[in-house]
Amino acid sequence: QVQPVESGGGLVQAGGSLKLSCTTSARTFGNHCVGWFRQAPGKEREFLAAISDTGRTWYYGDSVKGRFTISRDNGKNTVYLQMDSLKPEDTAVYLCNADIIIDRIRHGVAAYWGQGTQVTVSS
């Protein structure tokens, strides 16, 4: 079973950067597509990015295109989300998910979800 675990969240000033990690001990992680979502208080869960199992295909949500970059290192069972030019409105809990079908990732119905990591951007 793939149980993603997020890390790397924290407090950063507007304009700064953070790099989140999503990892698992499952040996089948390299066969799964992985995505990132975020959820702010009182708002719906928002799709940010997704990457295929091979790392050759990726998708981004409109609000983060050009600022966030998703990548993966299957040797380390880890997917990263590099976040640059952060804004106060990026403040949220960031969650990663995993599934063998990338469209399930993008539509928020993936089989496996992490617990999330808090990102706070101060103005």
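Buried means under 20% relative accessible area. By that cut-off Cys 33, at 5%, counts as buried. The legends below describe close-up views of a predicted model.

View 1. The link is right-handed, with 65 degrees about the S-S bond. It connects distant parts of the chain: Cys 22 belongs to strand 3 (residues 18–23) and Cys 96 to strand 9 (residues 92–99), 74 residues apart. Cys 22 has 1% relative accessibility, so it counts as buried. Cys 96 is buried too, because its relative accessible area is 0%. Cys 33 takes part in no disulfide. The nearest cysteine sulfur to Cys 33 is that of Cys 22, 13 Å away. The count for the structure comes to one disulfide.

**View 2. Strand 8 (residues 78–83) is largely enclosed by the rest of the structure.** The reason is burial: five of the six residues of strand 8 are buried. Strand 3 runs antiparallel to strand 8, and six bridges join the two. Within this pairing, Leu 20 has Leu 81 as its bridge partner. Strand 7 also pairs with strand 8 in the antiparallel sense, again over six bridges. Here Thr 69 stands opposite Gln 82. Strand 7 and strand 8 form a hairpin, with four residues between them. Asn 77, in the turn, has a positive phi of about 55 degrees.

**View 3. The largest nonpolar core holds 27 residues.** In soluble globular proteins, nonpolar side chains tend to be buried together. Trp 36, Phe 68, Ile 70, Val 79, Leu 81, Met 83 and Tyr 94 touch the most other members of this core. Several strands each supply at least two residues, including strand 3, strand 4, strand 5 (46–51) and strand 11 (117–122). Strand 9 gives the most, with four residues. Val 79 shows the surroundings of one core member. Beyond its neighbours within four places in sequence, Val 79 is in contact with residues including Leu 20, Cys 22, Phe 29, Val 34, Trp 36, Ile 51 and Ile 70. Another core, of nine residues, lies apart from the 27-residue one. Among the members of that other core are Phe 37, Phe 47, Ile 102 and Trp 113.

View 4. The side chain of Arg 38 makes a polar contact with the side chain of Tyr 94, at 3.0 Å. Arg 38 also forms a salt bridge with Asp 90, the closest N and O atoms being 2.8 Å apart. Asp 90 lies in the loop between strand 8 and strand 9, so the pair ties together parts that are 52 residues apart in sequence. Asp 90 is itself buried, with a relative accessible area of 0%. Not counting residues up to four places away in sequence, Arg 38 touches Glu 44, Glu 46, Leu 48, Phe 68, Glu 89 and Val 93, among others.

**View 5. Arg 67 sits in the loop between strand 6 (58–60) and strand 7 (68–73).** Arg 67 is buried, because its relative accessible area is 12%. A polar atom of its side chain lies 3.0 Å from the backbone oxygen of Ser 85. Leaving aside neighbours within four places in sequence, the contacts of Arg 67 include Gln 82, Met 83, Asp 84, Leu 86 and Lys 87. Asp 90 is also one of these contacts. A network of salt bridges links Arg 67 with Arg 38, Glu 46 and Asp 90.

**View 6. Two further salt bridges are Lys 65 with Asp 62 and Asp 103 with Arg 106.** Side chains of opposite charge can pair when their charged atoms come close. The closest N and O atoms of Lys 65 and Asp 62 are 3.3 Å apart. Asp 62 is exposed, with a relative accessible area of 69%. In the other pair, Asp 103 and Arg 106 also have their closest N and O atoms 3.3 Å apart. These two residues are three apart in helix 1 (residues 102–106), so about one helical turn separates them. Asp 103 counts as partly exposed, at 38% relative accessibility. Arg 106 is partly exposed as well, at 32%. The structure holds six salt bridges.

Notes: Residues are numbered from 1 along each chain as its sequence is written. This is a predicted model: local features need pLDDT of at least 70, side-chain atom pairs count only at pLDDT 80 or more; totals for chains, interfaces and linings use all residues. Side-chain values use heavy atoms; hydrogens and water are left out. Buried means under 20% relative accessible area, exposed over 50%, partly exposed in between (1.4 Å probe, protein chains only). A polar contact is a pair of N or O atoms within 3.5 Å; within protein, one must be able to donate a hydrogen and the other to accept it, and residues adjacent in sequence count only if both atoms are side-chain atoms. Contact means heavy atoms within 4.5 Å. A disulfide is a pair of cysteine sulfur atoms within 2.5 Å. Two strands pair if DSSP finds at least two bridges between them. A nonpolar core is a set of buried Ala, Val, Leu, Ile, Met, Phe, Trp, Tyr and Cys residues joined through side-chain atoms within 4.5 Å. A salt bridge is a side-chain nitrogen of Lys or Arg within 4 Å of a carboxyl oxygen of Asp or Glu.
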